[in-house]
Amino acid sequence: MSNEQLRLGFEGFELKAEANVPDGAPRPWDLDSKLRVVGTDVPRLDGEDKVTGRARYSYDQRFPGMVYAGILGSPHARARVKALDTKAAEQLAGVLHLEPLGDELYYAGQPVVGVAAVSEEVLDDALAAIRVDYEVLPHVVDTDAAMAPNAPQAVPRRGGDGNVVQGRRDTSGDGDAKVAAAHAAADVIVEREYRTQVQTHSCLETHGTVCRWEGDQLTCYASTQATFAFQNTLAQALKLRPQNVTVITEHMGGGFGSKFGADAWDVFCARAAKATGRPCRLMLTRKAEHLIAGNRPDSIQRCTFSASKDGKLLGAEVHSWGTGGVAPSASIANPAVYAFEAQLSDQHHVLTNAGAARAFRAPAHPQGFFALEGMIDEVAKELGMDPLELRRKNDPHPVRQRQYEIGAEAIGWGRRKADGAGEGPLKRGLGVAAARWKHNGRPGCSVRCRIGKDGSVFVASGAQDIGTGTRTLLALMVAEELGLEPSAVEVRIGHTTDPYGHGSGGSVTAPSIGPVARQAAYEVKGQLLRAVAERLGVEAGALALEGGQLTGTDTPLPFAKACALLPVDAIEATGVGTRELFSMPRFAPEVAGVQFAEVEVDVETGLVRVVKVVAVQDCGLVADPLLARSQINGAVIQGVSYALFEQRHLDPKTGAMLNPNLLDYKIVGALDVPEIVAIPFSVANGISTTGMSSLGEPPAVPTAGAIGNAVANAIGARVRSLPITPDKVLAALGEV
Amino acid sequence: MHRFAYHTAESYSAAAKALAKRPEAWAKGAGLDLLDLLKERLIEPSDLVSLHEVRTPPAKGLLPAHTTLAELGRDEGLAKSFPALMQAAAEAATPQIRNRATLGGNLAQHTRCPYFRGSDFACYKRGAPVCSAQEQGAFNRYHAIFPRGGCASAHPSNLAPALIAGDAIAKVVSADGSRDVPVAELYGDPARGKWSDTTLAHGELIESVRFEPTPLTRRSVYKELRERQSFDFALASVVCALDLREGKVHAVRIVCGAVAPTPYRATDAEALLVGKGLDEAQITKAAAAVVAKATPLSGNKHKVVILKRLVERALRELNQ
């Protein structure tokens with residue numbers, strides 16, 4: 001263990017901290033580090049493969065003799081299978097395997113029968129030929145209806161009746177009494193109800209896998225954001241050892257939190273492959289993807305916020321209800337961020353007959369922050385205070401304080417007019433909202449790095465790329481340490497035969513494998529330098545790798561020439577993510593971000609267009625600003641989509657989904673994507689030896705809140721419900 | 001996948017003959033409407049007769065049914081002779097869809113009502129006794145706001161209101177020959193079990209559409225509002241066409257889309273304008289008259305406001 005003085009923070013706000021660096025680990029990157037490739041715009045290494053179609057996704061895997069599997073989903077929101085007649089389906093030429101998957105059905109789309117057939121066409125015929133006699137039972141799919149005392153029990157629950165399940169109940173200090181006291185002492189109290197909708201993940205590549213058995217060894221080409229979780233859950237379901245299951249995910253078409261472990265249909269796919277003795281492919285249909293592969297719960301948030309007349313936020317009380325379908329998982333992140341004197345969050349999960357919610361990019365946050373940030377603006381309005389000023393007064397985070405300044409400048413906050421001001425039907429408005437996330441880099445991953453005698457460099461991690469650029473990140477870490485260009489590093493990811501990596505959930509991947517990749521490269525560099533030093537008869541400590549060369553000798557040696565001096569064919573090191581590697585001092589307790597939105601609202605038709613979004617986002621030390629901007633852009637686009645368009649519509653009468661496609665389930669298109677000014681805000685954060693932190697989720701937190709506030713500023717009336725569609729805008733304006 | 005025989009027709013009349021022989025056959029143009037119905041297994045045709053390869057020789061003043069929306073949307077001639085038609089084509093769907101979608105298909109397409117399109121639901125058009133969109137608590141944000149009888153679907157065509165406003169005539173071919181049908185008469189009231197909104201019989205196909213450039217078509221405009229700016233159908237749309245002579249309205253057409261099961265011509269509002277000068281007061285009165293008979297459903301009152309605004313904007317623009 002050695003002590004290192006680190007300079008952390010950002011320009012204008014720095015602090016010195018002492019780090020205990022484990023033996024054999026490099027000095028952590030901080031503000032003093034002179035980095036060569038880290039921090040520069042490096043294009044995604046597999047970008048060309050992706051845009052040319054060379055990248056092979058699970059969906060693209062084809063094997064000789066491969067069969068196609070699919071599932072018949074329940075057409076009813078609540079039913080029991082009385083009788084199943086599969087004779088006609090089984091007699092169809094080309095139907096190779098069929099098995100029932102469930103008979104007590106709690107939501108439309110729930111798997112009833114699985115089928116495998118020689119082609120997609122035969123599969124489709126077989127699914128259509130299955131006759132199911134359902135006993136249709138009472139159902140409830142609407143959150144409000146499910147909360148009514150006489151509502152049908154959506155799904156049986158342990159320890160109680162009714163569909164409303166008490167969730168988290170967090171109080172600060174003396175609890176409820178303290179919030180009441182804060183309200184009582186306040187000059188301004190605002191009480192409002194906000195609502196958000198159910199959003200489905202709508203992964204471009206639907207869920208699924210291609211399974212292939214060789215003896216007892218199963219290989220799954222899975223569309224997953226957690227290769228090892230997929231391996232583990234599938235092995236458990238099939239009663240295999242994990243070593244008998246290899247998961248391969250070199251590319252995957254979106255997960256957003258919905259693709260962790262193996263699902264029931266993946267297990268069926270593996271069984272069908274075994275039963276038919278042929279490779280088997282099962283990718284969900286778009287309809288099933290909407291119905292059964294996850295969603296973001298909706299929310300009803302009854303908020304009471306209070307403040308003193310000089311703009312000190314006092315009490316925040318939030319009572320919330322939301323449905324995660326059959327899963328009690330409708331948490332919200334509200335209140336958050338601001339330094340209230342006292343706060344209470346009283347949350348409830350409402351059971352309904354709909355597919356279960358799953359983690360969705362910053363779970364609990366976009367919905368919570370739509371209400372939270374709306375409430376902050378409503379308090380500011382009551383106080384007659386600029387909403388940005390109110391935030392700055394109550395936001396304890398040093399990074400966000402600086403980000404407010406940068407963002408306000410970039411959006412031109414000074415132009416902000418009084419609510420509803422301006423001539424003509426097209427009204428412009430500006431809004432702001434904050435983002436938070438945890439520093440989610442964590443120990444436990446390993447990465448292997450190998451240098452060949454020919455000078456080739458290979459790095460391998462079994463972790464996957466959910467889309468953030470895992471390959472590029474690994475290459476960057478190794479290239480920085482070895483003094484090479486990232487393109488000189490060959491990377492393999494997404495094979496569970498390689499070292500363990502965490503599932504990509506919570507924005508953990510880059511901050512967890514980054515330091516470990518650096519560690520692997522650092523260790524293998526040490527081996528190389530020692531071997532070369534021995535061969536040349538010099539001190540290893542005098543040698544270094546920089547600019548593609550070995551330096552410290554009389555004349556610098558090209559990297560490959562130096563490698564040629566190795567006494568063995570290859571050297572290798574596995575970086576291990578020890579707890580010590582992640583125990584560096586940290587600059588700030590959380591990841592910080594702010595977003596500013598400008599909208600244009602047609603007050604005659606209610607149509608909202610988002611004109612511009614400025615997103616200033618901290619993610620620790622920025623490893624690759626180009627990829628960081630790409631992640632921020634993606635989050636903002638998804639946020640605009642959530643704010644204005646997306647909504648799962650279930651028919652209350654049948655419980656079936658009315659828009660289970662990508663025409664009627666409206667996802668933002670190119671013409672509705674605003675100008676996005678993505679500003680990665682680099683903070684030397686400490687935490688680990690690379691100072692990097694989480695990025696995938698935090699910029700997805702504030703977009704809807706900022707847009708909601710901009711709309712209110714534009715029209716002088718507030719829409720407290722997502723998505724902000726023309727009908728709601730017209731209603732807020734009193735036009736309907 | 002449902003099995004069918006696939007035929008490629010060389011002409012519309014050959015296609016019509018092929019269809020006439022097969023009561024369960026469907027015609028396929030670009031397939032944009034048809035393939036959705038097939039994939040949902042709403043229809044199980046015995047045969048598909050492809051119109052995709054049919055090419056009719058160009059003739060002046062005649063728009064072949066295979067003309068794509070992309071072609072219409074960039075037609076310089078239309079920009080002068082019938083701007084509303086050009087605009088209606090250019091506003092539809094997405095560039096990819098406009099490159100495939102045809103004039104004939106756009107006129108003959110089925111409604112986008114989710115209850116019609118989803119096999120999970122009962123639909124009056126598909127033979128159910130009731131219209132699910134009019135049930136209590138139903139999702140009807142995008143549906144009809146005008147009297148609808150048994151069906152509350154909204155008509156999806158961008159082009160039909162324009163062509164009706166332009167007094168366009170469709171040439172309809174069948175095994176027996178051909179007949180001229182005003183585009184306005186291509187559409188009839190919805191009836192239980194009658195899938196299509198068109199008045200065409202099985203085996204009848206639109207071969208072409210023609211219109212005479214008139215003062216009305218030359219001074220015409222298309223306005224629509226959709227939630228999403230690409231890949232979305234209109235919440236409401238309107239074509240206004242105006243023949244102003246010596247400061248007075250000589251003739252006017254106001255035809256609305258997406259607000260009734262068929263294109264909706266607002267004759268009351270037209271009558272109110274004819275013979276008078278056009279000023280802001282008249283425009284407001286006319287727009288109010290367009291929606292005077294609206295009877296919106298539980299979830300689509302906003303469409304009344306939006307339609308009224310679109311009419312005002314269209315008339316204002318034409319009056320400039």
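How many residues of chain A are in contact with chain B, and how many of chain B with chain A? The contact joins 39 residues of chain A to 31 residues of chain B, with contact meaning heavy atoms within 4.5 Å.

This is a predicted model, in which local features need pLDDT of at least 70, side-chain atom pairs count only at pLDDT 80 or more, and totals for chains, interfaces and linings use all residues. Residues are numbered from 1 along each chain as its sequence is written, chains are lettered from A in the order in which they are written, and side-chain values use heavy atoms, without hydrogens and water.

The contact takes 18 residues from domain 1 and 16 residues from domain 2.

Buried area is the accessible area (1.4 Å probe) that two parts lose on being put together, summed over both. A salt bridge is a side-chain nitrogen of Lys or Arg within 4 Å of a carboxyl oxygen of Asp or Glu.

| Interface | Buried area | Salt bridges |
|---|---|---|
| Chain A and chain B | about 3,200 Å² | twelve |
| Domain 1 and domain 2 of chain A | about 1,400 Å² | one |

Between the chains, Arg313(B) forms a salt bridge with Asp602(A), with the closest N and O atoms 2.6 Å apart. Within chain A, Arg195(A) pairs with Asp144(A) in a salt bridge, the closest N and O atoms being 2.8 Å apart.
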